[in-house]
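Work through the exercises below with the sequence and the 3D view open. Each task is followed by a solution in steps.

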Number of protein chains: 2
Amino acid sequence: LSTLQVVVLAGGVGAARFLEGLVQVVPPDQITAIVNTGDDADFYGLRVCPDLDTVIYTLAGLVNPTTGWGIAGDTFACLDQLGTLGADTWFRLGDRDLATHLRRTTLLQSGASLSEATQLLCATLGVPVRLLPMTNESVRTIVETPDGHLPFQDYFVRRGQQDDVRGISFAGILDARPAPGVVDAIQGADAIILAPSNPFVSIAPILAVDGIRDALRRRRAHVAAVTPIIGGTAVKGPADHMLRTLGHDVSAVGVARHYREDIATFVLDAVDSSLTASIEQLGLRVVVAPTLMTGPIEKRALAERALEAALSTPAVVT
Amino acid sequence: LSTLQVVVLAGGVGAARFLEGLVQVVPPDQITAIVNTGDDADFYGLRVCPDLDTVIYTLAGLVNPTTGWGIAGDTFACLDQLGTLGADTWFRLGDRDLATHLRRTTLLQSGASLSEATQLLCATLGVPVRLLPMTNESVRTIVETPDGHLPFQDYFVRRGQQDDVRGISFAGILDARPAPGVVDAIQGADAIILAPSNPFVSIAPILAVDGIRDALRRRRAHVAAVTPIIGGTAVKGPADHMLRTLGHDVSAVGVARHYREDIATFVLDAVDSSLTASIEQLGLRVVVAPTLMTGPIEKRALAERALEAALSTPAVVT
C-alpha cells in the first residue's frame, strides 16, 4: 500500500464517514477526495460549501457526531442575532462554522480559487487527505419539484427534502472545468471509489463536470461504488425518495443501474445480498459487505472491502 | 419641548452615552444623530461601522457597559476560530456583533445605502432615535504617524493609539455627499450639539463632508459643543494625545479653539472652570457643568445643560 493512490468521489456525510475509514487503511497523503460543490450556496454574502465543510470537519476531528455536519459543540449566537435582525436563519450556521465561511469568502474575494481556499482550510485545520473541489467554477444543483425549480439548499434544508423530485439539473455545468488536479488524480489512481453518497445530487454533479466522467471511464476497471441504499432505504438523506420519484428501482439495483457505465464493481450491503444476481446482470461485479458505518471498526472494514473491490480488476469489463 | 428638533453630531462611546441622557430629556423621535463613518472598516469582507454600532447598541440597551462598545455578554467563538484559520483577529468582533455586520453587508451588497441599512438595523433593534450616517459614500480616516499613514482602526485598535499623530486626513472626502436628511436635519434643528467625542477623528470627518459645515455654521447661534477633555485628559480615547502631537493646547481650550468658528457655546467641565475666560476670549459663550457621565442621572443632567446651552441664543455671535 506504500505507493497506492486512491481517489474518492465524495458528497457530504456518507463520504466523510467513508473517508474516516479509508485513512485507517491508506496513508492519508495517498488519498484524494474529489468533492461535490453543487450544494454550495451563499448565505449573508458568505460562500458555504456544505460537502467540503462536512469532509473537512470530519477529517479534522471537529464534526458534530450527532448531525454528521457542523462543528461539535458549536454555538449559534450570531445566527440567533441574525434572526433578531430579520434575516432568514433556516440554514443553521454555527459561530465557529461561520469562521470557515468568512475565511473562505475573504480568500475568494482576494482572488484565490476555491481549490486554494480549500487547501488553506485543510492545512490550518490539519486535514491530512488531499481535498479537491470538483470545479472552481460555480455549479448549482437545481431540484425540479411540483412546486417549481428549487435551489438545492431550499429543497434540502429549508423544505426538509419533502418534495417529490421530478428532475435535477446543474446550473453552470457547461462552463465548469475540473479543478486543477482532478483529472490527473483520476488518471493516476490505482483505485477509485464512489462514496456512499447520493447518486443524483452528490456524485452526479461531479461526473457532469466536463472531462471527469471521461477520465473515470478510462479507469473504469478500477472504479467501485459503495451503495448508499441499504434494504431499500437511504442511510441518510433523500436518495430513496429521489429514486422513487425519478422512476428508478428504490433499491441498490436502482443505484447500480444508474452507475453501470461508470463503474466495474458495486459494493452491496449484506442485507441486500439477494440482489447480487440482478446487479451482476447489469455487467457489474458485486462485492457484498456490511456497509453501515456505525463506528470506527465498521468504517475501516468497509474501506478495506471497497478498496479491494476497486483494486482487483474484474474478469470482464464491457 | 413637544416639537423641539435636536441634532447631535456623534462619534462612538462618548456620543452614545450623551444620547442616553438626551433621550431622557427630549422625545427620541425628535432627536437626529449624525454619526461619523470615517472609522468604518472592512473585516473578512464585512462592513463594520464602529461609531454607528456603538450608538445603536447603546440606545438599544445592548451595549457592553464595561467597554462602551460591543454587545454585553457577547461571545467570541467565531473570532477564535478565525484565528485558528490564520486570520487576523485584533479587531474583536463578537458572535452577536458579527450578525450586525453580516446583515449590513448583505443589505449593502443587495443595493441598499448605508442610511437604509442603518434604518433597518435601528428598526429591528428598537433604537428610537433617528440615526443618520454622515454620508453614504466611503470616507476613511487616515492617521499620519512617524511610522507612516495608518488606516484608522490600525492606529486605534491594532496599535492601541500609541503612535504620535502628526496629521489626519479623510480618504474619499471630496466625493462624499451628506447622507439624505443630514443637511435638512441641521437646517431644521432648534439645537445642535457636538457630542463629547474626539474633535479630530469623530467630529471633524462629519464636518468635512461637503455641505455639512456650511449648514452647521448657518445655525451657529444654536450650536453647542460638549468638551471631551476634562482636566486636560480625554475621558476615553486618544484626544489628549492628539491635541499634544497636533500642536494644540492639551485642554478644553484647545478643543474650543478648534471648534470656535463652528459653535456658539462651549460646555466646559466644572473642574476646568478656571479656563472660562480663555474660552470666552475666543468669542464663545461658556456653560460650566459636570460633564463626566458616570450614571443615568449625570447623563440626563449633562443633556439638559447642553440642550439649554444650544437653545438659548448667546448675546454675541461673531
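A residue is called buried under 20% relative accessible area, exposed over 50% and partly exposed in between (1.4 Å probe, protein chains only). The model is predicted, so local features need pLDDT of at least 70 and side-chain atom pairs count only at pLDDT 80 or more, while totals for chains, interfaces and linings use all residues. Residues are numbered from 1 along each chain as its sequence is written, chains are lettered from A and ligands numbered from 1 in the order in which they are written, and side-chain values use heavy atoms, with hydrogens and water left out.

**Exercise 1.** Describe the salt bridge between Arg92(A) and Asp80(A).

Step 1. A salt bridge needs a side-chain nitrogen of Lys or Arg within 4 Å of a carboxyl oxygen of Asp or Glu. In this pair, the closest N and O atoms of Arg92(A) and Asp80(A) are 3.8 Å apart.

Step 2. Arg92(A) sits in the loop between helix 3 (77-84) and helix 4 of chain A and Asp80(A) in helix 3, so the bridge ties together parts 12 residues apart in sequence. Helices (H or I, at least four residues) and strands (E, at least two) are DSSP runs, numbered from the N terminus.

Step 3. Arg92(A) has a relative accessible area of 34% and is partly exposed. Asp80(A), at 46%, is partly exposed.

**Exercise 2.** Find which parts of chain A are linked by Arg213(A) and Asp262(A).

Step 1. The closest N and O atoms of this salt bridge are 3.3 Å apart.

Step 2. Arg213(A) belongs to helix 9 (residues 212-218), and Asp262(A) to the loop between helix 11 (252-259) and strand 13 (265-269); the two are 49 residues apart.

Step 3. Arg213(A) is partly exposed at 29%, whereas Asp262(A) is buried at 2%.

**Exercise 3.** What surrounds the largest pocket?

Step 1. On a 1 Å grid over the protein atoms alone, a pocket is an open set of points with protein on both sides within 12 Å along at least five of seven lines; lining residues have an atom within 4 Å of a point. A volume is the space filled by probe spheres set on the points, which are joined across faces, edges and corners. For the largest pocket this gives about 1,100 Å³.

Step 2. The lining has 50 residues, and Gly12(B), Val13(B), Gly14(B), Trp69(B) and Lys236(B) lie nearest the centre.

Step 3. Helix 2 of chain B gives the largest share of the lining, 6 residues. Other contributors of at least two residues include helix 1 (13-22) and helix 4 (95-109) of chain B.

Note on methods
1 Å grid on protein atoms, 1.4 Å probe; cavity = no way out; pocket = protein on both sides within 12 Å on 5 of 7 lines; lining within 4 Å.
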